[in-house]
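Here is a friendly briefing to read alongside the model. Please have the sequence and the 3D view open as you go.

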Amino acid sequence: MKKIFLLFSLSLFLACNISIEKDSEKNESPEAEKVQDSVGNFGIVIHGGAGTILKENMSDSLEQAYKAKLEEAIRTGHEILANGGTAIEAVQRTINVMENSPLFNAGKGAVFTNDAKNELDASIMEGETLNAGAVSGVTTVKNPINLAWEVMKNSEHVMLSGKGAEQFAKERNLEIVDPKYFYTEKRFKSLERLKARDSEKTELDHDSKTAFVDPFIKDSKFGTVGCAALDKNGNLAAGTSTGGMTNKKWGRIGDAPIIGAGTYANNKTAAISATGWGEFFIRGVVAYDISAMMEYKGMSLAEAAKEVIQNKNPELGGNGGIIAIDRNGNVSMEFNTAGMYRAKMNQDGDLEIGIYSE
């Protein structure tokens, strides 16, 4: 009887161990699969603004200049990701390249306000922690996206503005420049022509002849740079930087520095950066809306982006576009304007650059 009891106990012990091992395998399997999926799977996507960008209005030399700078920017971030760097670093350094170029309405190429000043906005966000930083109305910080990063990492706040933001930039030893650094003849002439047309308000001009002469008049509400990235650890990040609206008054702020409107990142869904008519992107909470539709309705990134950019935002009266990358590396470059400066690269190094609606 004792021998039978011992055999029974041994059998029960072995059965429990087998069951525990199977349960352990079940519990570990999804996590193992997640790690397996994330390692080596990375990607990056950027934009340099959207608007009435038409092939017939673009010289060959200017088109090549834009493509070259887009490629330089995205390769900067891609190299960081390929070497195991973080998505947030890739976003910041990629945007730096575009901020330092006079081609884009951000940093060096920022447009002028009604007072002939350059007021810069930027924001950045991590998908893993949902931590974010933003700045608005700065006039002396060479790279606003770097200041947004400092706000995110080294302050208790999410957004700083104006003189206070500039004081914080000095305390964080960021590069400070004379406001004259942001002056470009092309942007200043655009302001003069726009003020000559209408001294009271900024508005869109739907005359293609005017766009040929000065596309920045036609697209006075459009112009931003942005980046979204997925790193090898499966973390997402997004950032956006802009000079705002040509001829803007009263300290106007658009969607670029508004978390959830112009920038959003969440590891559950996607990282998104927007460009377009900011007032409508704020009202539609566009970047977050895309993420929310993915999280709560189970929509794919492509489906959510198309619904928001092609249907919901235009119904409000706004237009523009977004670039985004989801947690699996799928990319969206959705826009409803004639063009959007854009580029993407995947883990294999495949590069795609676009300007016009194709």
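**Helix pairs and buried sites**

Helices α4 and α5 are roughly perpendicular to each other (angles of 65 to 115 degrees count as roughly perpendicular, under 35 as roughly parallel, over 145 as roughly antiparallel and the rest as oblique). This is a predicted model, in which local features need pLDDT of at least 70, side-chain atom pairs count only at pLDDT 80 or more, and totals for chains, interfaces and linings use all residues. Residues are numbered from 1 along each chain as its sequence is written, and side-chain values use heavy atoms, with hydrogens and water left out.

**The chain as a whole**

- The protein chain has eleven helices and twelve strands; helices (H or I, at least four residues) and strands (E, at least two) are DSSP runs, numbered from the N terminus.
- Of the 358 residues in the protein chain, 53% are buried (under 20% relative accessible area, with exposed over 50% and partly exposed in between, using a 1.4 Å probe and protein chains only).
- Taking contacts (heavy atoms within 4.5 Å) between residues at least 6 apart in sequence, 68% join residues at least 24 apart.

**Helix α4 and its partner α5**

- The angle between α4 and α5 is about 80°, and their axes are 10 Å apart; axes are lines fitted to C-alpha atoms, for helices over the stretch in contact, and angles run from 0 to 180 degrees between N-to-C directions.
- On the α4 side the contact uses Leu-147, Glu-150, Val-151 and Asn-154, which meet Ala-165, Phe-168 and Ala-169 of α5.
- By class, five residues of this α4–α5 contact are nonpolar, one is polar and one is charged (Ala, Val, Leu, Ile, Met, Phe, Trp, Tyr, Cys and Pro count as nonpolar, Asp, Glu, Lys and Arg as charged, and the others, Gly among them, as polar).
- Helix α4 (residues 144–154) is largely enclosed by the rest of the structure, because eight of its eleven residues are buried.
- Those buried residues are Pro-144, Ile-145, Asn-146, Leu-147, Ala-148, Glu-150, Val-151 and Met-152.
- The elements that the buried residues of α4 pack against include α3 (87–99), β2 (120–126), β3 (132–138) and β6 (236–242).

**Helices α10 and α11**

- Helix α10 (residues 286–297) packs on helix α11 (residues 301–316) at an angle of about 135°, with the axes 9 Å apart.
- That angle makes α10 and α11 oblique to each other.
- From α10, the contact draws on Val-286, Asp-289, Ile-290, Met-293 and Met-294, while the residues from α11 include Leu-301, Ala-304, Val-308 and Lys-312.
- The α10–α11 contact has nine nonpolar, one polar and three charged residues.

**Thr-224, an annotated position**

- An unreviewed UniProt entry gives Thr-224 the annotation "active site"; UniProt positions are given in the numbering used here, feature names are shortened, and annotations may be inferred rather than shown by experiment.
- Thr-224 sits in the loop between α8 (215–218) and β5 (225–230).
- With a relative accessible area of 4%, Thr-224 is buried.

- Thr-113, in the loop between α3 and β2, is buried at 3% relative accessibility.
- Leaving aside neighbours within four places in sequence, Thr-113 is in contact with Glu-119, Leu-191, Asn-247 and Lys-248.
- Gly-276 belongs to strand β8 (residues 270–276) and is buried at 4% relative accessibility.
- From Gly-276 to Ile-322 is 46 residues in sequence and 8.4 Å in space, C-alpha to C-alpha.
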